Amino acid sequence: MPRPVVVTRVTASDATGVAAGLADASRGPAVEQVTARAFAIPTDAPESDGTIAWDSTTIVLVEARAAGVRGLGYSYADAAAREVVVHLLRDVVVGRDALAVTACWSAMARAVRNAGKPGIASHAISAVDVALWDLKARLLGVPLVALLGAAREAIPAYGSGGFTSYDDARLRAQLAGWVRQGIGAVKMKVGREPARDVHRVREARDAIGDAAELYVDANGAYARKQALAFAARFAELGVTWFEEPVTSDDVAGLRLLRDRAPAGMRIAAGEYAYSLYDARRLLEGGAVDVLQVDGTRCGGLSGVLRASALCEAHGVPLSAHTAPSLHAHACCAALAACNVEYFHDHARIERLLFDGAIEPVHGLLAPDRTRPGLGLELKEAEARRYEV
């Protein structure tokens with residue numbers, strides 16, 4: 001009969017004893033509870049990109065409990081993801097070994113088969129997967145990056161915002177502010193008003209100077225030939241990263257851009273890859289110089305690590321899309337990772353809702369190794385104001 005493991009509280013001082021106790025058991029404690037909540041946080045100004053506009057961002061928060069320890073995970077998704085967690089995923093995770101994250105992931109993937117795995121269901125799986133990884137690390141009393149197997153101490157961040165709804169003054173101030181903080185690359189949105197795009201990119205370049213890298217993101221707003229023309233004009237202003245110049249559904253169009261874009265300009269896409277098969281399609285199609293993945297969409301930290309292995313096999317670097325406090329841990333463990341997007345909305349929300357949100361220092365995101373798991377604790381009183 002397996003000896004049960006009971007953990008009432010994990011601190012740095014008793015981490016060794018907890019780890020030894022878990023190692024002695026044939027399995028870890030069972031997951032006892034999975035809960036989900038949704039919070040809608042208004043933006044600090046109207047925001048838009050090349051294809052949509054928004055005035056709030058929703059985060060779905062999942063907590064998983066075992067042996068008196070709580071793990072936290074989240075996804076930036078519609079509140080409908082909360083219902084998927086509650087009605088489709090909770091019952092297949094509760095009762096399973098809290099240390100067997102892969103088994104839990106597989107069970108969740110099977111559970112959403114008839115509901116449709118891409119989209120909302122993948123967001124829900126991602127949030128639960130992150131919570132389970134956080135729970136496992138907390139049970140063992142180690143930071144998540146150590147559990148995943150650190151490949152580096154920190155990962156470069158790039159500042160991301162520059163929304164098409166910003167006037168020139170706000171665009172310049174935001175991008176230049178990140179550069180002054182020591183961030184070496186910044187990204188802005190293009191594509192909503194193509195006639196103004198070159199002007200806006202010129203304003204951005206003037207604001208950040210020549211030393212910082214400048215990225216642009218069209219969110220799939222351009223047609224193929226239109227994107228090619230803009231690539232040439234953006235290159236004259238020192239743009240080194242062109243993200244989703246055409247929709248990521250157009251693998252042939254991305255390949256065209258990758259083949260014909262000016263030397264030194266990387267074509268990036270993949271933030272809407274909900275599965276490993278989506279990522280493989282972009283890589284095998286030769287569509288990207290950099291594959292983007294989003295751990296709040298692609299199956300959580302499990303999905304990020306699998307995508308990293310796929311990138312290694314294809315010799316293509318991986319970039320994490322948004323959610324910096326989550327991706328800092330994953331990308332310090334993922335060998336293929338090259339950077340993490342320090343997205344204005346998500347960085348602001350993580351600071352607002354969580355104690356322990358990771359901030360860039362000298363342009364780098366470094367997990368806090370003094371805190372177990374993700375190192376995040378929900379600010380309950382603050383969060384409750386935004387709950388939906």
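Guide: In this predicted model, a nonpolar core means a set of buried Ala, Val, Leu, Ile, Met, Phe, Trp, Tyr and Cys residues joined through side-chain atoms within 4.5 Å.

Visitor: Which residues have the most contacts inside the largest nonpolar core, and how many residues does that core have?

Guide: The largest core has 124 residues, and Tyr74 and Phe234 are those with the most contacts inside it. Helix α4 (residues 117–140) gives the most to this core, contributing 12 residues, while a second, separate core of 6 residues includes Ala185, Tyr215, Ala268 and Val290.

Visitor: With which residues is Tyr74 in contact, leaving aside its neighbours within four places in sequence?

Guide: Among them are Ile59, Val60 and Leu61, together with Ala127, Val130, Phe354 and Leu376.

Visitor: Why is Ser248 called buried?

Guide: The relative accessible area of Ser248 is 11%, and buried means under 20%, so Ser248 is buried. Ser248 lies in the loop between β7 (239–243) and α9 (251–260), and, its neighbours within four places in sequence left aside, Ser248 is in contact with Leu254, Ala269, Gly270, Arg281 and Leu282.

Visitor: What makes β1 and β2 a pair of strands?

Guide: Pairing requires at least two bridges between two strands, and β1 (residues 33–48) and β2 (residues 53–66) are paired in the antiparallel sense over 12 bridges. Phe39 stands opposite Ile59 in β2, and the two strands β1 and β2 form a hairpin with 4 residues between them.

Visitor: How do you know that β2 also pairs with β3?

Guide: Against the requirement of at least two bridges, 8 bridges join β2 to β3 (residues 69–76), and these strands run antiparallel. The bridge partner of Val62 in β3 is Gly73, and in the hairpin of β2 and β3, with 2 residues between the strands, Ala67 takes a positive phi near 50°.

Note on methods: Residues are numbered from 1 along each chain as its sequence is written. This is a predicted model: local features need pLDDT of at least 70, side-chain atom pairs count only at pLDDT 80 or more; totals for chains, interfaces and linings use all residues. Side-chain values use heavy atoms; hydrogens and water are left out. Buried means under 20% relative accessible area, exposed over 50%, partly exposed in between (1.4 Å probe, protein chains only). Contact means heavy atoms within 4.5 Å.
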